[in-house]
Amino acid sequence: KVEALAQEVLDTSMLRKATHNVHAAALADQEKVLVFREDIGRYNAIDKVAGLVLAKKMPTEDKVLFTSGRLASGMVFKAARLGVSAIVCCSAVTALALDLAGKAGMTIIGNAGNDKPWLYTGRQNIRE
């Protein structure tokens, strides 16, 4: 299901498809994308998702944060503060991001939307 949701995020991002210069971020549950935002900056796209989630007081502990770009430590920090259980990115993950995610007990899946996604940490957070 993670790969299908990652593909849904990428397919929803019309501006990204048109320009190849915009990042997408989304919050999803096991079934669907709940919040979707785009921005030229990876961090800004996540901030837009987080802002809406906080404004609406949405529960996040069983949710997944998706990002279209490379996952860096600051993004993991934001996701941990938001309280999500996992982050899925469509690119690579930095070593510091993995370290922070491990300490926070978060699952990281990289290279999503490609043939072979990479599961990095916390398999206990993945529901099959």
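A residue is called buried when its relative accessible area is under 20%, exposed when it is over 50%, and partly exposed in between, with a 1.4 Å probe and protein chains only. The model is a predicted one, in which local features need pLDDT of at least 70 and side-chain atom pairs count only at pLDDT 80 or more, while totals for chains, interfaces and linings use all residues. Residues are numbered from 1 along each chain as its sequence is written, and side-chain values use heavy atoms, with hydrogens and water left out.

Helices (H or I, at least four residues) and strands (E, at least two) are DSSP runs, numbered from the N terminus. In helix H3 (residues 42–55), the buried residues are Arg-42, Ala-45, Ile-46, Val-49, Ala-50 and Val-53. They cover an arc of only 135 degrees around the axis, taken from the directions of the C-beta atoms, and therefore lie on the same side of H3. An α-helix has 3.6 residues a turn, so residues three or four places apart point the same way. On the face of H3 turned away from its buried side are the exposed residues Leu-54 and Ala-55.

The cover over the buried residues of H3 includes strand E1 (23–28), strand E2 (33–39), strand E3 (64–67) and helix H4 (73–82).

A nonpolar core is a set of buried Ala, Val, Leu, Ile, Met, Phe, Trp, Tyr and Cys residues joined through side-chain atoms within 4.5 Å. The largest such core has 23 residues, and Val-49 and Val-84 are among those with the most contacts inside it. Its largest share, 5 residues, comes from H3.

Notes. Contact = heavy atoms within 4.5 Å.
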